[in-house]
Amino acid sequence: HAELKGNDLYDCHYFPDDYNYCVKDCSRLERFIKLVCGKQKPIYSSNLTHLGITYYHSLSDKKINGIVSSCPNIIYLNFKASTEFSDDALNLIAEAYPNLRYLNLWDTRAITDKGLCVIARSCYKLEYLDISYCKDITDKSLVKIAGNCYNLQEFYFAKAHWITDKSVSCIINSYPNLQNLDISVVDQLDPCIVCRYTYQEKGQN
């Protein structure tokens, strides 16, 4: 397992209360990036299955290409609030990690339906997916996820401005036993959809 922490925030954003950062975290992160992007790959990287790089605003497509090339057995990726990568990076992840179980893309900014649909097609074993605050995601991605990722247990897409009743209904119908679903602050959502999910969730408890 490798949990690497950055210290980058956008205006009006804040770190969670449990996010503990120190100067050593920066050097650990930069050292890891330098290793995986170098010509001589670290020996331990082939055994790495869980990788977290959070709050790091310099996670470019090139750096993710280095990660994918060096760490072939990843099943857990947490890129929460890390930015500067695009759909091209999601294409790399989808091709390299068909056994991916966990993917956190919370507030990763530049990704769109194009990259997320590739993830849904290739990483169909996903059990956890967070695309909250990814503002360019639309119904197209959610419908693709519902039609491919049958093992999904937790799905978060808070503050998704372009999501409508159509795809949320599709998700609820596809995953009657979903453990966690965050649809908070979805602007165009019919209150009846929320009530329906709340009733369904209570029925499981």
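Of the 205 residues of this protein, 46% count as buried, where buried means under 20% relative accessible area, exposed over 50% and partly exposed in between, with a 1.4 Å probe and protein chains only. The model is predicted, so local features need pLDDT of at least 70 and side-chain atom pairs count only at pLDDT 80 or more, while totals for chains, interfaces and linings use all residues. Residues are numbered from 1 along each chain as its sequence is written, and side-chain values use heavy atoms, with hydrogens and water left out.

**Whole chain**

Color the chain by pLDDT, the predictor's confidence in each residue, from 0 to 100. The mean is 88, and 90% of the residues reach 70 or more. Select residues 195–200: pLDDT stays under 50 there, and the model has 10 contacts for this stretch beyond four places in sequence. A contact means heavy atoms within 4.5 Å.

Switch to a cartoon view. The secondary structure comes to seven helices and seven strands; helices (H or I, at least four residues) and strands (E, at least two) are DSSP runs, numbered from the N terminus. Along the sequence the pattern reads β-α-β-α-β-α-β-α-β-α-β-α-β-α. Of the contacts between residues at least 6 apart in sequence, 77% join residues at least 24 apart.

**Helix α2**

Select residues 61–70, which form helix α2. Which residues of α2 are buried? They are Lys63, Ile64, Gly66, Ile67, Val68 and Ser70.

Move to residues 113–122, helix α4. Seven of its 10 residues are buried, so α4 is largely enclosed by the rest of the structure. The buried residues are Asp113, Gly115, Leu116, Cys117, Val118, Ile119 and Ala120. Their cover includes α3, β4 (102–104) and α5 (139–148).

From α5, pick Lys144. Lys144 counts as partly exposed, at 28% relative accessibility. Leaving aside residues up to four places away in sequence, Lys144 touches Cys117, Ala120 and Arg121. Draw a distance between the C-alpha atoms of Lys144 and Ala120: the value is 6.3 Å, for residues 24 apart along the chain.

**Asp8**

Next, go to Asp8, in the loop between β1 (2–5) and α1. Asp8 is partly exposed, with a relative accessible area of 28%. What does Asp8 touch, not counting residues up to four places away in sequence? The partners are Phe15, Tyr55, Tyr56 and His57. The C-alpha atoms of Asp8 and His57 are separated by 6.0 Å, although the two residues are 49 apart along the chain.

**The cavity**

Rolling a probe the size of a water molecule over the atoms shows where empty space is left. On a 1 Å grid over the protein atoms alone, a cavity is a set of points where a 1.4 Å probe fits but cannot get out, and its lining residues have an atom within 4 Å of a point. The count comes to one cavity of 30 Å³ or more. The largest cavity holds about 50 Å³ of space; grid points are joined across faces, edges and corners, and the volume is the space filled by probe spheres set on the points.

Ala81 counts as buried, at 4% relative accessibility.

Glu84 has its place in the loop between β3 and α3. The phi of Glu84 is near 95°, again positive in a residue other than glycine. Is Glu84 buried or exposed? Glu84 is exposed, with a relative accessible area of 54%.

**Cysteines**

Last, select the cysteines. The structure holds zero disulfides, a disulfide being a pair of cysteine sulfur atoms within 2.5 Å. Cys22 is in no disulfide, and the nearest cysteine sulfur, that of Cys26, is 9.9 Å away. Cys22 counts as partly exposed, at 37% relative accessibility.

At Cys149, the closest cysteine sulfur is in Cys123, 7.7 Å away and too far for a bond. Cys149 is buried, with a relative accessible area of 0%.

Methods. 1 Å grid on protein atoms, 1.4 Å probe; cavity = no way out; pocket = protein on both sides within 12 Å on 5 of 7 lines; lining within 4 Å.
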